[in-house]
Amino acid sequence: MSEVQQLAYVVENHFSNPQASSFAHFVTVSDGLSAEQAAKVPGERFNSVWGVVNHIAFWQEVTCLALRGQQINLADWNLSEIGSGWPPLGELSDANWQAARQRALDGNHAFAKAIAALSNDDLQNEMPWGGKVWEGIYAIYAHNSHHASEILSIRHMLGFWVEHPWT
């Protein structure tokens, strides 16, 4: 397996496959919530699960498009500027919450596909915002892992426990 194939596998598998390892993945920690629960904020200066999900999806899409040499359409995210990448939740409904969650999962799959389409030599190219492509990939992997843990913490603060052997 080439280096880009390994990266693509890890980026996707550790996000969406609860059997991939012992930690709680995005697919696990974001599952089983209503829109109202996902939008709830545990306290001042905290995020909601839904807000974190939108943030994850946004940065996966930004990085995926950068790997493909494309620009993000901020209007698709109801943003006028990229800022720190926290799109608004939109209308609270269970259908919209599930669509947001699915957008993050689909974005992760697209990101993994964009990685797999690279050559190993492409990993040394520059990202539009600086740094090498391989650094950008690892940054999103770490970003997703950080925010999956944040989602787990938010849920636990709100009493929306995740049933997983490691939580």
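To talk about how two helices pack, we compare their axes: an axis is a line fitted to the C-alpha atoms over the stretch in contact, and the angle between two N-to-C directions runs from 0 to 180 degrees. Keep that in mind as you look at this model, which is a predicted one.

**How the helices pack**

| Helix pair | Angle between axes | Distance between axes |
|---|---|---|
| H1 and H5 | about 170 degrees | 8 Å |
| H4 and H5 | about 30 degrees | 8 Å |
| H1 and H6 | about 10 degrees | 10 Å |

Let's begin with H1 and H5, whose axes make an angle of about 170 degrees. Angles over 145 degrees count as roughly antiparallel, so H1 is roughly antiparallel to H5. On the H1 side, the contact is made by Val4, Leu7, Ala8, Val11, Glu12, Phe15 and Ser16. H5 brings Ala104, Leu105, Asn108, His109, Phe111, Ala112, Ile115 and Ala116 to the contact with H1. Sorted by class, this contact has eleven nonpolar, three polar and one charged residues.

Next come H4, which covers residues 49-67, and H5, which covers residues 94-116. They pack at about 30 degrees, and that angle makes H4 roughly parallel to H5. The crossing of H4 and H5 is left-handed. From H4, the residues in this contact include Trp50, Asn54, Glu61 and Leu67. From H5, they include Trp97, Ala100, Arg103 and Phe111. The classes here are 13 nonpolar, six polar and three charged residues.

The last pair in the table is H1 with H6, at an angle of about 10 degrees, which makes H1 roughly parallel to H6. H1 passes H6 in a left-handed crossing. Leu7, Val10, Val11, His14 and Phe15 of H1 meet Ile137, Tyr138, Tyr141 and Asn144 of H6. How many charged residues does the contact of H1 with H6 have? There are no charged residues in it, alongside seven nonpolar and two polar ones.

Now for the gaps. Rolling a probe the size of a water molecule over the atoms shows where empty space is left. A search of the whole structure finds one cavity of 30 Å³ or more, and the largest cavity holds about 60 Å³ of space. Its lining is made of Val11, His14, Phe15, Phe23, His25, Phe26, Tyr141, Asn144, Ser145 and Ala148. Which helix gives the most to the lining of the largest cavity? That is H6, with four residues. By class, the cavity lining has six nonpolar, four polar and no charged residues.

**The open space**

The largest pocket has a volume of about 220 Å³. It is lined by 14 residues, of which Asn54, Pro88, Leu89, Ala100 and Arg103 are the closest to its centre. H4 and H5 each supply at least two residues of the pocket lining, and H5 provides the largest share, four residues. The classes in the pocket lining are seven nonpolar, four polar and three charged.

Again, there is a link back to the packing.

Conventions:
Residues are numbered from 1 along each chain as its sequence is written. This is a predicted model: local features need pLDDT of at least 70, side-chain atom pairs count only at pLDDT 80 or more; totals for chains, interfaces and linings use all residues. Side-chain values use heavy atoms; hydrogens and water are left out. Angles under 35 degrees count as roughly parallel, over 145 as roughly antiparallel, 65 to 115 as roughly perpendicular and the rest as oblique. A crossing is left-handed if the near helix is turned anticlockwise from the far one by less than a right angle, and right-handed if clockwise. Contact means heavy atoms within 4.5 Å. Ala, Val, Leu, Ile, Met, Phe, Trp, Tyr, Cys and Pro count as nonpolar, Asp, Glu, Lys and Arg as charged, and the others, Gly among them, as polar. On a 1 Å grid over the protein atoms alone, a cavity is a set of points where a 1.4 Å probe fits but cannot get out, and a pocket is an open set with protein on both sides within 12 Å along at least five of seven lines; lining residues have an atom within 4 Å of a point. Grid points are joined across faces, edges and corners, and a volume is the space filled by probe spheres set on the points.
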